[in-house]
Every structure is written in structure tokens, then in C-alpha cells.
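Welcome, and please take a moment with the model below.

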Amino acid sequence: MPVNTYEGMFLLDSAKAAASWDDAVRHVHDILAKHNAEIVASRQWDERRLAYPVEGHKKGTYLLTYFKADGSNVHDIAADCRLSDVILRELILKVHPKLIDHLVTQAMTSNPNADEEQGREEEHDERPRGRRRRDD
């Protein structure tokens, strides 16, 4: 099979990630390396309160990773992630070849507080909300 670029979003146990972030990242990278994946970019995406408990955890830390791997190895990578006590969930998606450069560049240069800034912009939006009453 040809080598493709994948985007992996890994939900990590916040307690273990906070204790040693480098060890948690190394754990994910070791799983990828075990299956001959080449890591293109990797960074902490966010730490959030989860909408519902995942394996008893109410908070999680997200690690966004772009990597190149043979398509036949993705199933094995996901299986190893499910066996891990550090990784709570994983989502691995194939990246379209036209988007690779843009997504990897954005992942390495994006502002981690961009969501907060966007929220502030939306607060100052002057568009009318809801229905207006017409007085007849």
C-alpha cells in the first residue's frame, strides 16, 4: 500500500499528561514508530472538560499529530492506542494530499488561544438575535 499522511487526534489522560507531558507524548510517538510511521508534526491541542466521562475521566488533554504511514498499519496503530492506559480515545483520519502542507503548517503555527479570541469576536457581533415583533 502507498504511504499516506494521517491526522491523529489523541485524547490523553490529563493526570498522566500533567505529571509528565514529555512521557505522554513519547508514549504516543513510540506507538507510531512501532508501526513505521514518520511523525511530521505534533503539538498539544487543548485540555478540556469532557462532555461526558470517558473511562471515568472528566478532563482530557488532546494531542494533535500528523504522521505518514502505510495504510495497512493504521488499524494496528488504533489497536495499540486502545490498549494504552495513557490514551483514552483516538481518531485517525487520512488527509487529502492537497491539504497536507496547509494543515501541517497551521498545526505548527496556530495560536492555542484562537478559540478564546474567536469567542470574544462573537460576543461583539451586532447582528440582531431572534424574532422581531411587528407592532400593527
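Two residues are in contact here when their heavy atoms lie within 4.5 Å. The model is a predicted one. With that cut-off, the buried residues of helix 3 (residues 74-83) pack against strand 1 (3-13), helix 2 (21-34), strand 3 (57-70) and strand 4 (87-94).

Which residues of helix 3 are buried? They are Val74, Ile77, Ala78, Asp80 and Cys81. These residues lie on the same side of helix 3, because they cover an arc of only 160 degrees around the axis. On the other side of helix 3, His75, Arg82 and Leu83 are exposed.

Apart from neighbours within four places in sequence, Ile77 touches Ile31, Leu32, His35, Phe67 and Ile92. Ile77 is also among the residues with the most contacts inside the largest nonpolar core, as are Phe10, Leu12, Val28, Phe67 and Ile87. Strand 1, helix 2, strand 3, helix 3 and strand 4 each give two or more residues to this core, and helix 2 gives the most. A second, separate core includes Met9, Ala41, Tyr62 and Leu88.

| Core | Size | Residues included |
|---|---|---|
| Largest nonpolar core | 19 residues | Phe10, Leu12, Val28, Phe67, Ile77 and Ile87 |
| Second, separate core | 10 residues | Met9, Ala41, Tyr62 and Leu88 |

Now for the helix pair. The axes of helix 2 and helix 3 come within 9 Å and cross at roughly 145 degrees, and the crossing is right-handed. Ile31, Leu32 and Lys34 of helix 2 meet Ile77, Asp80 and Cys81 of helix 3. In this contact, 4 residues are nonpolar, none polar and 2 charged.

Definitions and conventions:
Residues numbered from 1 in each chain as written. Predicted model: local features only at pLDDT ≥ 70, side-chain atom pairs only at ≥ 80, totals over all residues. Heavy atoms only, no water. Buried < 20%, exposed > 50% of the residue type's maximum accessible area, 1.4 Å probe, protein only. Helix = DSSP H or I, 4+ residues; strand = E, 2+ residues; numbered from the N terminus. Arc of directions from axis to C-beta. Core = buried A, V, L, I, M, F, W, Y, C linked by side-chain atoms within 4.5 Å. Axes fitted to C-alpha atoms, helices over the stretch in contact; angles between N-to-C directions. Left-handed = near helix turned anticlockwise from the far one by under 90°. Nonpolar A, V, L, I, M, F, W, Y, C, P; charged D, E, K, R; others polar.
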